[in-house]
Amino acid sequence: MNFERCYNCGSAEYRPIAVGYLRCRTCGLGWLPRRSWPKDQERHYSEEYYPENYAGRKNKGAFSYRFRLVKQYLVPQGELLEIGAASGDFLALLREAGYAVRGVELSKRAAEQARRNYGLAMIQGTLERAKFETGTFAYVVMYHVLEHVPDPKAALAEVNRVLKKGGRLLIEVPNVQSVDAKVSRKLMRSVLDVPNHLYAFSPRTLRSLLNGAGFRVIAEERSVPFIITQPLRWMASCLKKEGTSRDQQAEASGRDLFERAPQSSVWKRYLASVLPGMKLALIAEKI
């Protein structure tokens, strides 16, 4: 095994966890050794991660959980940037909900699809290459992006730079400490997703990185474990006789989804705090 040090804290104390990953014994950060990274990230995400037949997210209702946090923490004032906007499906819904939006996407294929399908202002490349002026944006959202980035500290420092003072970042990553990952080898592989996920974050390590980049964490949201929600959804679908179908959800506008975004119930928040699921979201404010 090649000698490595933890990217987050510099410790040389680590252990293997699964599918080639290492995990720091000091701070808990997980990482994929550099020798296993894609050799050309831009080509990898343009040609393999988003294949030629990729058609985007058709079921818009699947974004309802994202709208809940956006609605709660990001009032539609000022410009919003989505980093890793893929083919623009969520960003287009945010625009329909009243947000002034721009996007950055590494994949050439996905960025072109976002421009073609939605007419979005989409920059193809990395945030650093976009060279936005300091303090351009009121909000930045990053959904399942940071685990793909070779240098998360530099990426978060750049996010901090392009945000206005007091601007907010909504960031979500897979939670390596989730119950799902601990009890299911298949779900652990989903969290790690070799070779796409270069890092695996816990709540502690993500907070540490955000604090180091000049952010103050103001809220943390964890999902309820998939192993609990999936059986409940199956039972609900068996009992449900009427309601919004997936086709109807697909036709819903961004404004509709935004206005109908559900509040998080007390029991769900409690359950997720005790038995965290695979989604970990933090809302942070630029100091």
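**Exercise 1.** Which residues of α3 are buried?

*Solution.* The model is predicted: local features need pLDDT of at least 70, side-chain atom pairs count only at pLDDT 80 or more, and totals for chains, interfaces and linings use all residues. Residues are numbered from 1 along each chain as its sequence is written, and side-chain values use heavy atoms, with hydrogens and water left out.

Step 1. Buried means under 20% relative accessible area (1.4 Å probe, protein chains only). Helices are DSSP runs (H or I, at least four residues), numbered from the N terminus.

Step 2. The buried residues of α3 are Asp 89, Phe 90, Leu 91, Ala 92, Leu 93 and Leu 94.

Step 3. Six of the eight residues of α3 are buried, so this helix is largely enclosed by the rest of the structure.

Step 4. Just after α3, Gly 98 has a positive phi of about 110°.

**Exercise 2.** Describe how α2 packs on α3.

*Solution.* Step 1. The axes (lines fitted to C-alpha atoms over the stretch in contact, with angles from 0 to 180 degrees between N-to-C directions) of α2 (residues 64-73) and α3 (residues 89-96) come within 12 Å and cross at roughly 45°.

Step 2. That angle makes α2 oblique to α3; oblique covers what is left after under 35 degrees (roughly parallel), over 145 (roughly antiparallel) and 65 to 115 (roughly perpendicular).

Step 3. In contact (heavy atoms within 4.5 Å) are Arg 66, Phe 67 and Val 70 of α2 with Phe 90, Leu 93 and Leu 94 of α3.

Key. Helix = DSSP H or I, 4+ residues; strand = E, 2+ residues; numbered from the N terminus. Buried < 20%, exposed > 50% of the residue type's maximum accessible area, 1.4 Å probe, protein only.
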